[in-house]
Amino acid sequence: MDQNIPTQARVVIVGGGVMGVGLAYHLGHEGWGADTVLLEKAELTSGSTWHAAGQITHSTSSFGLGKCVDYNIGLYSGVLEAETGQPVTWHGCGSFRLAYTEDEMDWLRHTLSVGRSLGFNIELVGPEKVAQLHPFYNLDGVLGALHTPDDGHVDPTNVTMAMAAGARQKGVKIIRQCRAKNITQLPSGEWKVESDKGTITCEHVVNAGGTYARQMGEWSGLQLPMTSMTHHYFVTEPVPEFESLETELPVIRDDKKVSGYIRMEQKRGLIGIYEKENPNSVWHDECPWDYENWLFDADYDRVMPYLEESLNRMPIFAELGIQREVHGAISHPPDGNPLIGPAPGVSNYWCCCGTQIGIGWGPGLTRELARWMVHGAADISMRDYDPRRFGSYATKDWQVVKAEEDYCLRHEIPFPHFNRLAGRPIKPSPLHGLLNSKGAVHEEVYGFERPRFFAKDIAQEDHYSFNRNPVDDMVAAEVKAVRDSVGIMDVTAFTKVLVEGPDAFALLDRLTANRMPQKVGLITLTHMLNRAGRIELETTIVRMADDQFYLVCAAFFEQRLLDHLAQQRTTEDVTITALSAIWSALSLNGPKARTVLADCTDADLSNAGFRWLTAQQIIVASHEIWAFRMSYAGELGWEFHMPATACLDVYTALWDAGVAHGIADYGSFAMNAMRMEKGFKGAGELTNEVTLAEADVLRFARTDKDYLGRDKALNTDLPWVCAYLEIEPDGIADGQGGEAVLHNGTVVGSTASVAYGPTVGKILAFAYVKPEAAIPDTVLEVIIQGSSRAARVLAEAAYDPKSLKPRGEAE
């Protein structure tokens, strides 16, 4: 029963689809139900939710998303109906994902290992198993399939209505036929939500607007990147062969031939298609406000090749007519992942939108968002979903280009490091053109173009594989150049933020776990935590002056860092300036780095004159730049930070000086291999899921100072801990992250990052495992591409464990 609109609430959710209702349900379970209000302009589920096909599968290679999916299936298959008494209409028919090529089989093998780490009921089977459970499917060319028997599908309206009932039971007020018209932030920091039934002032506002979410964001001056793409599915006339079936056929996911899915819909057939060319985007400016249970006319020309192939794959459909055409709009962010978390640049405005698979992903993600809002952190890594992963470069035109690209990739093999090239470059560094001419293959990071590796006669598509390939040899050569001589890398993509003012030290000191740099020119590596005591981000802090601090961190944390500083600031007199767009950076590493740099500057570069982990201003190529003596590669080295206008000159001077010493360009793939050889944890390990103790980085935390999240961060009652492993190589596959880790035959965790270390000739990994499995020299197993590999926990770095090289003590 709807209620009158209140004037005050803790939380107002705008949007009554599966995402908004799912969040209301989970906020209720986290204790905020009595002070949460949900507004829906029409009826619940009347946007994209009602026309969803409703499938959900354990077949996912994402560890975090796998946790969500498993939760969702448990919710749909019994928990929700038992809790609310509302019918959910769960069809637990299982599913198969088919493979026609060895690349597809490799994808399934990797997914199988991720599934094992999560405890899924999942197996890789041959065509005969598919034929046994689904005798009507044409399996010509099929090599194998991933069988996930606990999968199924659910009625989208029923499940949303059941969660709405659960939310109401927890005190949530759901108000239908109430259109929000504006959302603005008051000087107090509260939010004012204006609707056609009145105005509510609230502490937290949530945009769960579905296809309206982008234009709703504009009310508040926000740019929330997503585009509405239209998707078809078709329901056939009744299928005579289905009449006598005692059990429902499994869902078939056929990515190669059908580019979609086929399943039963009662006694009919249902065919869903994601065409791989000529996708259709709509409502580039805004979604019409009278859109309610809206469908577009079917565009058979666009999907006909896949529809014809679906009839070839299911011959029993061939003579049947189409009884129902469903062609509806779904939100697609530029990278295909939903926007779940804080909106950029403001406080207490939360995104719960941009979800292209709301039924499959929604409840699990909204549970994590509820935890984030209430407790300060989600329980899975939210890096891939955080709305702040995009910046101002994500213009409307760019959003459309990227959404169309994402739609076409929906049923393609998700190769590791797949490079999405549409709409690029958007933020090239000053070296982009020069490095391209030298064979650089770039990747996009927060809009920036960063070199991955330098190709020698290899096409972009030729390096996509789950196995070792020619790129690995190129990366090994880059690593060797750095280890033996000297290498240079464009690291302009790093986030670069300046914090200055009389209270700059005080602000940063209470937000960082490590000791702040006490003197000008000192460098500290530290972590910022959230109020739940988990890791918000890792950053390097350089003290440039008494009241001036320069912060460097991973590119995709820029807005997260800016927001954290701004929102934790109280009365401090500080100025916070983002320099990433106007400053560039280079990294010079290797035993010859000092010799090369000495040819370009008059600065004293000796150990006494330029100590490790210190910073100085020096002159290179007539430009005054900052030089930081530090090395993510684990070698003697420097980072150079400078105005972007100086970058090309500085690079050219260093390159020219290095030619006689065998200088080489290197990219992020080599950088990652070297940091793994050195045992340096990165973004894959340092996430909002973990505390400093769980990440095994307490050596960077002080116990003699107070800082945000301190008490929870230092808790040593650990459910898991990050272990450093060496894994037996087989010369075929090295792993991708997410693989199951076993101890004495029992799953004890999963890998976070994996890379082959060419210098040491071993696969190296970080893995989150049970504490008893993290003891040095413990023998473990890791499942890589279907093969069990011997692994051992290392007590120290595989390369230069005493760090003599970066200190300049092993030249």
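Two strands are said to pair if DSSP finds at least two bridges between them, and this sense of pairing is used in the legends below, which describe close-up views of a predicted model.

View 1. The pairing of β23 with β29 is antiparallel and extends over 4 bridges, whereas β23 and β33 run parallel and are joined by 2 bridges. Along β23, the residues G487 and M489 point one way while I488 and D490 point the other way, and all of them are buried. Strands of a sheet pair through backbone hydrogen bonds, in either a parallel or an antiparallel sense.

View 2. The strands follow the order β30-β31-β32-β29-β23-β33, and their pairing is mixed. At the edges stand β30 (615–620) and β33 (664–665), each of which has a single partner strand, so one side of each is left without a neighbour in the sheet. Within the sheet, β29 (residues 583–589) and β32 (residues 637–643) pair in the antiparallel sense over 7 bridges, and the bridge partner of N589 in β32 is G637. Helix α15 (residues 644–658) lies across β23, β29, β30, β31, β32 and β33, and runs at about 145 degrees to β32.

View 3. A search of the whole structure finds 32 aromatic pairs. Another pair, that of F453 and F669, is tilted, with 5.6 Å from centre to centre and 40 degrees between the planes. This second pair links distant parts of the chain, since F453 belongs to strand β22 (residues 448–454) and F669 to helix α16 (residues 668–677), 216 residues apart. Both F453 and F669 are buried.

**View 4. F296 and the aromatic cluster to which it belongs.** Y212, W219, W283, W289, Y291, W294 and F296 form one aromatic cluster. F296 lies in the loop between β17 (281–282) and α7 (300–313), and F296 counts as partly exposed because its relative accessibility is 23%. Leaving aside residues up to four places away in sequence, F296 touches T230, V282, W283, H327, G328 and A329. K173, by contrast, is 123 residues from F296 in sequence and 33 Å from F296 in space, C-alpha to C-alpha.

**View 5. Two charged side chains over aromatic rings.** R483 lies over the face of Y799, at 3.9 Å from the ring centre. K496 lies over the face of F448, at 5.8 Å from the ring centre.

**View 6. The domains of the chain.** The chain is divided into domain 1 (8–332), domain 2 (495–578) and domain 3 (719–810). The centres of domain 2 and domain 3, taken over C-alpha atoms, are separated by 32 Å.

Conventions: Residues are numbered from 1 along each chain as its sequence is written. This is a predicted model: local features need pLDDT of at least 70, side-chain atom pairs count only at pLDDT 80 or more; totals for chains, interfaces and linings use all residues. Side-chain values use heavy atoms; hydrogens and water are left out. Domain bounds come from an automatic or database domain assignment. Rings of Phe, Tyr and Trp (its six-membered ring) pair if their centres lie within 6.5 Å; planes under 30 degrees apart count as stacked, over 60 as edge-to-face and the rest as tilted. Buried means under 20% relative accessible area, exposed over 50%, partly exposed in between (1.4 Å probe, protein chains only). A charge sits over a ring if NZ of Lys or CZ of Arg is within 6 Å of the ring centre and within 35 degrees of the ring normal. Contact means heavy atoms within 4.5 Å. Axes are lines fitted to C-alpha atoms, for helices over the stretch in contact, and angles run from 0 to 180 degrees between N-to-C directions.
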